[in-house]
Amino acid sequence: MELDYSIVLGKMPLLLEGCLVTLQVSTVALLFGMILGVIGALCRLSNNPILKTAAFFYVWIIRGTPFLVQLFILYFGLPQLGIRLDSMMAGILGLALNTGAYITEIIRSGIQAVDKGQAEAAVSLGMSYGLAMRRIIGPQAVKICIPPLVNQFIMTLKNSSITSLVTITELVRSGDQIISTTFRSFEVYTAVALLYLVLNSIFMVIAGRLEKRTARQ
Amino acid sequence: MNNYILELVGLHKSFGDIEVLKDFNLNIVEGEKVVIIGPSGSGKSTVLRCVNYLEPIQSGSIFFQRKNMWSKSDLQRLRMNIGMVFQRFNLFPHMTVLENVMEAPVMVKKIARQEASELALSLLERVGLAEKKDSYPKELSGGQQQRVAIARALAMKPKIMLFDEPTSALDPELVEEVLLVMKELAHEGMTMIVVTHEMDFAREVGDRVLFMDKGQIIEEGTPHAIFNLPRQERTISFLRRISHRAFC
Ligand SMILES: Nc1ncnc2c1ncn2[C@@H]1O[C@H](COP(=O)(O)OP(=O)(O)OP(=O)(O)O)[C@@H](O)[C@H]1O
Ligand SMILES: [Mg+2]
């Protein structure tokens, strides 16, 4: 059989719609994942044993179980307990919880990688813990965190494809739907791959700029 | 009534099972310059770090201007009144020299930026680095960085300055410029506690030299008494060791 990409071009609007959903799911999940990650990291580093333990268990459970299983628990499992999430909710929540655990670890190790002397200098000038975190430790930790965070953002964008299995019509599922009518797996999946590559490349370029900007100091 | 600006009374400090300070007592009058010497691991840094609670103490009291410092608000007041200069400078690498000096006055004391910037510039002038105000710390030599660190501490207008081996991370040719700034500060009447092995500095500005070993003050006196007429065996052997090193 010959390859015929004109079919894919004809279905481009559908694929682009899928792209949009992928972007939407990923960015919303990343937004909440970042918030979770910052809170998680601060809990992991706090002196409060309850917060510390809670954050530890969160990271331990998420990192130790497959994302697919986490999603299935949220989407297929919870209804049994009377909690019904629509597919979009379950997908975004699952992805946010998942990426949040990894971001927790990235931020925690970023903060810990900042020289202890920095906090001591800040505190000895009369700064409170919060102020030292915000003005002195935070900005330095951010710089350390950027490369692993970019990596995590890329992983999240790609992992969003798994939400197709809880019936979110993101890029992969849009592709599946096109294949079910056209039977053009090769063309459609390569087109899908190309679109992921484009999305991630935009991302990497932005990240690269950001890194260069913070590198001056 | 005494006129001590700082009193350390019966400090005990341990790390786990290791007792680093044992019933440590030290009274300092306003304007006094105390130099602490002693072998590595004797607890010199720990004394300074306990004074502004960078290390929590197990027991004992710290009085600043005759007031016992123990509550959270006292702690902040204590730290604002005690400037600390570290062996490794600890400048904020993401801020320019000027921003380093302005940071605490603006963020902690809430001084207007304009005023803080003028204050910072005058302090940088004083340590001879006004023209470096827009550089980042990594663009400066070690000696310059340490002078900025001193300016940064002075910006909070502290009543006491603590120096923890301020010149021991520096190349030999950069030591003098930092000591010069410290000597000026001493002549202006600042109360200072300095951990250093720079004997000439100790002789010139020190009112009192303490020799510490194993978490205790073994011997104390004027620089002349300690360096020329030490009485304790441990002091004598320590001084012999470091003077040997200086001549090698
Ligand atoms: N954070 C810490 N945890 C455990 N032990 C520590 C800690 N900090 C210091 N110590 C121990 O406390 C003792 C005193 O240390 P300190 O740093 O006060 O010595 P020092 O006199 O300043 O020595 P140096 O001349 O090497 O700087 C040492 O035995 C050291 O190993
Ligand atoms: Mg020390």
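Which backbone oxygen does the side chain of B:Asn90 reach? The side chain of B:Asn90 reaches the backbone oxygen of A:Gly117, at 3.2 Å. The legends below refer to a predicted model, in which local features need pLDDT of at least 70, side-chain atom pairs count only at pLDDT 80 or more, and totals for chains, interfaces and linings use all residues. Residues are numbered from 1 along each chain as its sequence is written, chains are lettered from A and ligands numbered from 1 in the order in which they are written, and side-chain values use heavy atoms, with hydrogens and water left out.

**Figure 1. Overall view of chain A, with 9 helices and 0 strands.** Helices (H or I, at least four residues) and strands (E, at least two) are DSSP runs, numbered from the N terminus. From the N terminus on, the elements run α-α-α-α-α-α-α-α-α. Along the principal axes, the C-alpha atoms of chain A fill a box of roughly 70 × 50 × 20 Å. Chain A has 217 residues, of which 44% count as buried; buried means under 20% relative accessible area, exposed over 50%, and partly exposed in between (1.4 Å probe, protein chains only). Contacts require heavy atoms within 4.5 Å; among those in chain A between residues at least 6 apart in sequence, 77% join residues at least 24 apart. The accessible surface of chain A is about 11600 Å², and 69% of that surface belongs to carbon and sulfur atoms. Accessible areas come from the Shrake-Rupley method with a 1.4 Å probe, and for residues only the protein chains shown count as cover.

**Figure 2. Helix H6 of chain A and the cap at its N-terminal end.** Helix H6 spans residues 116-124 and is mostly covered, with 7 of its 9 residues buried. The buried residues are A:Gly117, A:Gln118, A:Glu120, A:Ala121, A:Ala122, A:Val123 and A:Ser124. A:Asp115 caps the N-terminal end of H6(A) through a side-chain oxygen that lies 3.1 Å from the backbone nitrogen of A:Gly117. Just after H6(A), A:Gly126 takes a positive phi of about 100°.

**Figure 3. B:Asn90 and the residues that it touches.** B:Asn90 is placed in the loop of chain B between strand E6 (82-85) and helix H3 (97-107). With a relative accessibility of 8%, B:Asn90 counts as buried. Leaving aside residues up to four places away in sequence, B:Asn90 touches A:Asp115, A:Gly117, A:Gln118, A:Ala121 and B:Arg152. A:Asp115, one of these residues, is also the N-terminal cap of H6(A).

**Figure 4. B:Arg49 in helix H1 of chain B.** Helix H1 covers residues 44-51, and B:Arg49 is buried at a relative accessible area of 15%. The side chains of B:Arg49 and B:Glu55 make a polar contact at 2.9 Å. A polar contact is a pair of N or O atoms within 3.5 Å; within protein, one must be able to donate a hydrogen and the other to accept it, and residues adjacent in sequence count only if both atoms are side-chain atoms. Not counting residues up to four places away in sequence, B:Arg49 touches A:Glu120, B:Leu54, B:Glu55 and B:Met84.

**Figure 5. Aromatic pairs involving A:Phe76.** Over all chains, the structure holds 6 aromatic pairs. The ring centres of A:Phe72 and A:Phe76 are 5.2 Å apart and the planes stand at 70°, so this pair is edge-to-face. Rings of Phe, Tyr and Trp (its six-membered ring) pair if their centres lie within 6.5 Å; planes under 30 degrees apart count as stacked, over 60 as edge-to-face and the rest as tilted. A:Phe72 and A:Phe76 are separated by about one helical turn because they are 4 residues apart in helix H4 (residues 67-77) of chain A. A:Phe72 counts as partly exposed at 32% relative accessibility, and A:Phe76 is partly exposed with a relative accessible area of 47%. A:Tyr75 and A:Phe76 also form an edge-to-face pair, at 4.8 Å centre to centre and 70° between the planes.

**Figure 6. The loop between strands E4 and E5 of chain B, with B:Gln65 and B:Arg66.** Strand E4 covers 59-64 and strand E5 covers 67-68. Phi is near 50° for B:Gln65, a positive value in a residue other than glycine, and near 70° for B:Arg66, again positive. Most residues other than glycine have a negative phi. B:Gln65 is partly exposed at a relative accessible area of 34%, and B:Arg66 counts as partly exposed at 40% relative accessibility.
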